[in-house]
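I opened this notebook to keep track of what I looked up. The entries follow in the order I made them.

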Amino acid sequence: MGYSVPLCSVLLAVSLSGCVVVHKESTPTSSNELMNLNSTLWMQTSAEYKGNALQTYKAAELQLNNAIKDSSWTSAIEQQDNYGNLPPAIILDVDETVLDNSQFQADMILNDYSYDPKKWDQWVSLQSAPEIPGAVAFINKAQQMGVEIIYITNRECKSRDNSSNHCPQKQETINNLKSVGINQVDSEDVFLKKEKADWSSEKQSRRELVAESYRIIMLIGDDLGDFLPNVKRGITPSARKDLVTDYQDNWGVKWFILGNPTYGSWSQLLEAPRVNYLKGY
Ligand SMILES: [Mg+2]
């Protein structure tokens, strides 16, 4: 029973005649893609997702004034002392925080393949991801108010075709951010994974670096790893939820999280068979 509904939905998507005819070439068959169908449809078609994202950025906007004026205000646990006189900055993640890559997710479903780093790199090179609703207006407003906008992303630096350019992905990401309407994106404010040898997918060291020069007034992301270290592997789902409770005063005030049901460290750390994590009644 568990998989009959999504399978039926898939078939409906390819055949208006209902759930009888199976179009093998265009029907996603792997459980991975079937599970992402609902998630991707939610991001691409639902008014509810759009409202959710707008709400998140509106909440952040409402805190901007207080955060800028209050020199004791910091949002990063990496920032401990001597930050009161530093200029304010906001750290944002990029993917599913500012840029919407659901077309890449949709392509995996439509063409029935699992995540492939080469295909992802091709998608990055297209520089055509649209904005997450609310992100651009918020970023431009914060910049206007004198806040430095810093992007810490796990888009990975990787040279292509033996080129001497160590990181074509950086300029492509900057171009994409500008193309959605962000007025100013400074190259020195974009930190990619592997841009420096010791920059892994763990974002803590990059936050520490930013904390040396800026008072980090807000963190905005779609993954718990955009806010806290050591939450991407070797941790149980319930321990991650406990951390959310531990920092409950930050959510909606200093930390702002976007919904992402399509992928993330929440998903990566679930072991197969994932159905075992479901709780019935
Ligand atoms: Mg992200």
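**Disulfide.** I took a disulfide to be a pair of cysteine sulfur atoms within 2.5 Å. By this rule I count 1 disulfide. The model is predicted, so local features need pLDDT of at least 70 and side-chain atom pairs count only at pLDDT 80 or more, while totals for chains, interfaces and linings use all residues. Residues are numbered from 1 along each chain as its sequence is written, and side-chain values use heavy atoms, with hydrogens and water left out.

Which cysteines are joined by the disulfide? I found Cys157 linked to Cys167, with an S to S distance of 2.1 Å. Cys157 and Cys167 both sit in the loop between β2 (148–156) and α7 (168–179), so the pair ties together parts that are 10 residues apart in sequence. Helices (H or I, at least four residues) and strands (E, at least two) are DSSP runs, numbered from the N terminus. The angle about the S-S bond is -65°, and I noted the link of Cys157 and Cys167 as left-handed.

Are Cys157 and Cys167 buried or exposed? Both are buried; buried means under 20% relative accessible area, exposed over 50%, and partly exposed in between (1.4 Å probe, protein chains only).

**Cores.** I next looked up the nonpolar cores, each a set of buried Ala, Val, Leu, Ile, Met, Phe, Trp, Tyr and Cys residues joined through side-chain atoms within 4.5 Å. The largest has 43 residues, and Ile90 and Tyr151 have the most contacts inside it. Helix α3 (residues 47–69) gives the most to this core, with 6 residues. Another core, of 21 residues, lies apart from it and includes Ala89, Ile152, Leu219 and Phe227.

**Tyr151.** I listed the contacts (heavy atoms within 4.5 Å) of this residue. Leaving aside neighbours within four places in sequence, Tyr151 touches residues including Leu92, Val98, Ile139, Leu177 and Phe191. Asp93 and Asp189 are also among the contacts of Tyr151.

**Leu86.** I located Leu86 in the loop between α3 and β1 (88–92). Which residues does Leu86 contact, leaving aside its neighbours within four places in sequence? They are Gln79, Ala211, Glu212, Ser213, Tyr214 and Arg215. Leu86 and Ser213 are 127 residues apart in sequence, yet 6.4 Å apart in space, C-alpha to C-alpha.

**Helix pair.** My last entry is a helix contact. In it, Asp121, Val124 and Ser125 of α5 meet Gln169, Glu172 and Thr173 of α7.
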